[in-house]
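Q: I would like to learn how to read charged pairs and helix contacts from a set of coordinates. Could we work through some cases together?

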Amino acid sequence: MSMFYDALETRAPAEREAALMAALPRQIAHAQQASPAFAGILAGVDATTITDRAALARLPVTRKYELLERQQAQRGQNAFGGFSALGFGRHMPRVFASPGTIYEPEGARPDYWRMARAMYAAGFRPGELIHNSFSYHFVPAGSMMETGAHALGCTVFPGGTGQTEQQVQAMAELRPAGYIGTPSFLKIILDKAHEHGVALPSVTKALVSGEAFPPSLRDWLAARGVTGYQCYATADLGLIAYETSAREGLVLDEGVIVEIVRPGTGDPVPEGEVGELVITTLNPDYPLIRFGTGDLSAVLPGQCPTGRTNTRIKGWMGRADQTTKVRGMFVHPGQIASVVKRFPQVQRARLVVSGEMANDQMVLQVETTETAAGMAQQLAEALREVTKLRGDVQMVPPGSLPNDGKVIEDARSYR
């Protein structure tokens, strides 16, 4: 049996890019026609001209809080704020709710969330039983994994969350090939099994998500005979990237177009620089165009040693929403980006907020080779104009600022 889920994973990168860029204008046109929200967001955009990443980068980013605001504004009229291309009925078997509350549709097409690919990479194969311990109520995680498992040809035990002793009993008696759920809950289950002297020899693999999966926990599972891999997915988009046996970053899914942008902007960062993941999905039922996840990551150079040719990312590296309250006023990453755009000489910038409670100090650190007198003063004036707050400016050489995606660093002491 092949180590790859399908031939898409080993396409020449140029072939994949050509296919994605050919699908992009069709998806944008579809979103404009079928999604009232994107009909407004992309009003005046000629979809036929969006045929490369440069053109895509000129479109606005829609972030999760904007999706929530549109849903809230249309409560009782349109549950999805006009973003869904589907209405209630047989084409939408389920609706889910994530914290916010944000409502997400689930379409009827097989493997709607595209999770089978990640499961295959984690070692699951057709004909196996999978113990699924993701939640089956409100949020889509349980259904995400179940529909992927069914597409792969697996049977699912819907374990859900909680009831640890019953989870152990089901595993011992049904002997599933592996586990899908959060890594911390798998540890709890294995600890409980050990406490009661119950062997679970059939559970030899796991696909985990929903929280951090540090090497220490990965090694702890391996010592107990379970090989665990992680994937990165969201309730809005489904699968975005997945881990392989190489354990060198996460390989992007074949059904999404991924950009990494400077937080607070829609501007793509150079390869290797940490920024916010912005996703365009090719899902026709929920056609999110340039959807800002709020999560930070970076592109890894080269290809996966397993032979998969798609781009790799480092995985989840924190949150991009670094909005900080300074002297009673909110400062947003977008405001810092607005200041920087006024000065072509500035390559990168970082606002450091320090001091103790009620004694906030702001320093805008900027990477630049410019040394002309007066530029620091101009930057300080622009900072005050945009944020309505006074701050100092520190000029630093290019490459000096940390590559961690932070545009605003809160270094204050709250003791």
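Predicted model: local features only at pLDDT ≥ 70, side-chain atom pairs only at ≥ 80, totals over all residues.

Q: Is Asp295 buried or exposed?
A: Burial is judged from relative accessible area, and under 20% counts as buried. Asp295, with a relative accessible area of 8%, is therefore buried, whereas Arg319, at 43%, is partly exposed.

Q: Where do Glu273 and Arg262 lie?
A: Both Glu273 and Arg262 lie in the loop between strand 11 (256–261) and strand 12 (275–281), so their pairing ties together parts that are 11 residues apart in sequence. The two residues form a salt bridge in which the closest N and O atoms are 2.6 Å apart. Glu273 counts as buried because its relative accessibility is 13%, and Arg262, at 24%, counts as partly exposed.

Q: How many salt bridges does a search of the whole structure find, and which residues are linked in a network?
A: The search of the whole structure finds 29 salt bridges. Asp6, Glu9, Arg114, Arg117, Asp253 and Arg308 are linked in a network of such pairs. Within this group, the side chains of Arg308 and Glu9 meet in a salt bridge, at 3.0 Å from N to O. Arg308 is in the loop between strand 14 (299–300) and strand 15 (312–313), and Glu9 is in the segment before helix 1 (13–34), so this pair ties together parts that are 299 residues apart in sequence. Both Arg308 and Glu9 are buried.

Q: At what angle do helix 8 and helix 9 pack, and which residues meet there?
A: A helix pair can be described by its axes, its handedness and its contacting residues. Helix 8 (residues 183–195) packs with helix 9 (residues 215–223) at about 35 degrees, their axes being 11 Å apart, and the crossing is left-handed. From helix 8, Pro183, Ser184, Leu186, Lys187, Leu190 and Asp191 take part, meeting Leu217, Trp220 and Leu221 of helix 9. The residues of this contact comprise 6 nonpolar, 1 polar and 2 charged.

Methods: Residues numbered from 1 in each chain as written. Heavy atoms only, no water. Axes fitted to C-alpha atoms, helices over the stretch in contact; angles between N-to-C directions. Helix = DSSP H or I, 4+ residues; strand = E, 2+ residues; numbered from the N terminus. Left-handed = near helix turned anticlockwise from the far one by under 90°. Contact = heavy atoms within 4.5 Å. Nonpolar A, V, L, I, M, F, W, Y, C, P; charged D, E, K, R; others polar. Salt bridge = Lys/Arg side-chain N within 4 Å of Asp/Glu carboxyl O. Buried < 20%, exposed > 50% of the residue type's maximum accessible area, 1.4 Å probe, protein only.
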